[in-house]
Amino acid sequence: MHLLLVEDDQRLARVLRRLLEDDRHVVEHAPDGETALELATATDGIEAVILDIGLPGISGVEVARRLRGEGRELAILMLTARDTVNDRVVGLDAGADDYLVKPFAYEELAARLRALGRRAEQGPRRPDPVLAAGPILLDERTRRVTVDGTPVDLSPREFSLLECLLRHPGQALSRDQLLDQAWPFAVAVTPNAVDAYVHYLRTKLGEAGRWIETVRGVGYRMAGG
Ligand code: CA
């Protein structure tokens, strides 16, 4: 999807942008409400807005209200800092289609966007969302993983880790790179966690687990590519 990300927290905006772009979205970023409204007017084809409610200057609620006032056909996903009924009601009243309470897991944001995208059902079809290595298939749309056609039940974290490895076949990824991808919002996670999760992942993949290769002194690599 073509997205407009409105977020004044630069660090969060940077992480979200990278993850969204990895998910093949096209991302415009606005750090405040004024810029958001300008970009929304000046940029053709924006399908959805990820809109932080707490912004300097014009608030997220006001941005949503003005976008709706202009009769724009785009989905609005509001990010709220507090899970208060008031914030939700005000946001939805202003025209948001959905909301997400911070802090959230990236997987949750991705799932909401998929739902909004399905609801809109417009614009070009996304490229094939199936990633593969040998007998391992991962469908990014349905979030299903199979080995030789047999479903494998993975936790969200294991799924993210496998997804990251499959996106870079043949490429050695460091533990830090894998941490950034699969644990984007975690603060107290050490690179050892990557080793633990790779172990779980290999175990669940059974025979196919050997496709995840250990690269000594670096990290891990998905065979192939
Ligand atoms: Ca904010």
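**Entry: two helices**

I started with helix 6 and helix 8, which are roughly perpendicular to each other (angles under 35 degrees count as roughly parallel, over 145 as roughly antiparallel, 65 to 115 as roughly perpendicular and the rest as oblique). I take helices (H or I, at least four residues) and strands (E, at least two) as DSSP runs, numbered from the N terminus. The axes of helix 6 (residues 156-167) and helix 8 (residues 191-205) cross at roughly 90 degrees and come within 10 Å. Those axes are lines fitted to C-alpha atoms, for helices over the stretch in contact, with angles running from 0 to 180 degrees between N-to-C directions.

Which residues meet there? From helix 6 I noted R157, E158, L161 and L162, and they meet V194, Y197, V198, Y200, L201, K204 and L205 of helix 8. Contact here means heavy atoms within 4.5 Å. Sorted by class, this contact has 8 nonpolar, 3 charged and no polar residues. For the classes, Ala, Val, Leu, Ile, Met, Phe, Trp, Tyr, Cys and Pro count as nonpolar, Asp, Glu, Lys and Arg as charged, and the others, Gly among them, as polar.

**Entry: ground rules**

A note to myself: this is a predicted model, where local features need pLDDT of at least 70 and side-chain atom pairs count only at pLDDT 80 or more, while totals for chains, interfaces and linings use all residues. Residues are numbered from 1 along each chain as its sequence is written, and side-chain values use heavy atoms, with hydrogens and water left out.

**Entry: E163**

I stayed in helix 6 for E163. Is E163 buried or exposed? E163 counts as buried, at 10% relative accessibility (buried means under 20% relative accessible area, exposed over 50%, partly exposed in between, with a 1.4 Å probe and protein chains only). Neighbours within four places in sequence aside, I found E163 in contact with D23, L131, L138 and E140.

**Entry: the calcium ion**

Next I looked for what holds the calcium ion. Its protein donors are D8 (OD), D52 (OD) and G54 (O), at 2.1 to 2.4 Å from the ion. Donors are N, O and S atoms within 2.8 Å of the metal (3.2 Å for Na, K and Ca), and water is not among the atoms, so sites may look incomplete. Along the chain, the donors follow the spacing D-x43-D-x1-G.

**Entry: E7**

Then I moved to E7, in the loop between strand 1 (2-6) and helix 1 (10-22). E7 is buried, and its relative accessible area is 0%. Which residues does E7 contact, leaving aside its neighbours within four places in sequence? I listed L12, A13, H29, A30, P31, D52, L55, L79 and K102.

**Entry: backbone details**

K102 turned up again here, as the peptide bond from K102 to P103 is cis, with omega near -5 degrees. P103 lies in the loop between strand 5 (98-101) and helix 5 (106-120).

I also noted R24, with a positive phi near 70 degrees in a residue other than glycine. R24 is in the loop between helix 1 and strand 2 (26-30) and counts as partly exposed at 34% relative accessibility. Phi of D148 is positive as well, near 50 degrees. D148 is in the loop between strand 8 (144-147) and strand 9 (150-152), and D148 counts as exposed at 66% relative accessibility.

**Entry: Q177**

My last stop was Q177, in helix 7 (residues 175-182). Q177 is partly exposed, with a relative accessible area of 38%. The side chain of Q177 reaches the backbone nitrogen of S174 at 2.9 Å. I also looked up Q177 and G219: they are 42 residues apart along the chain, and their C-alpha atoms are separated by 9.0 Å.

Definitions and conventions:
Polar contact = N/O pair within 3.5 Å; in protein donor to acceptor, adjacent residues only side chain to side chain.
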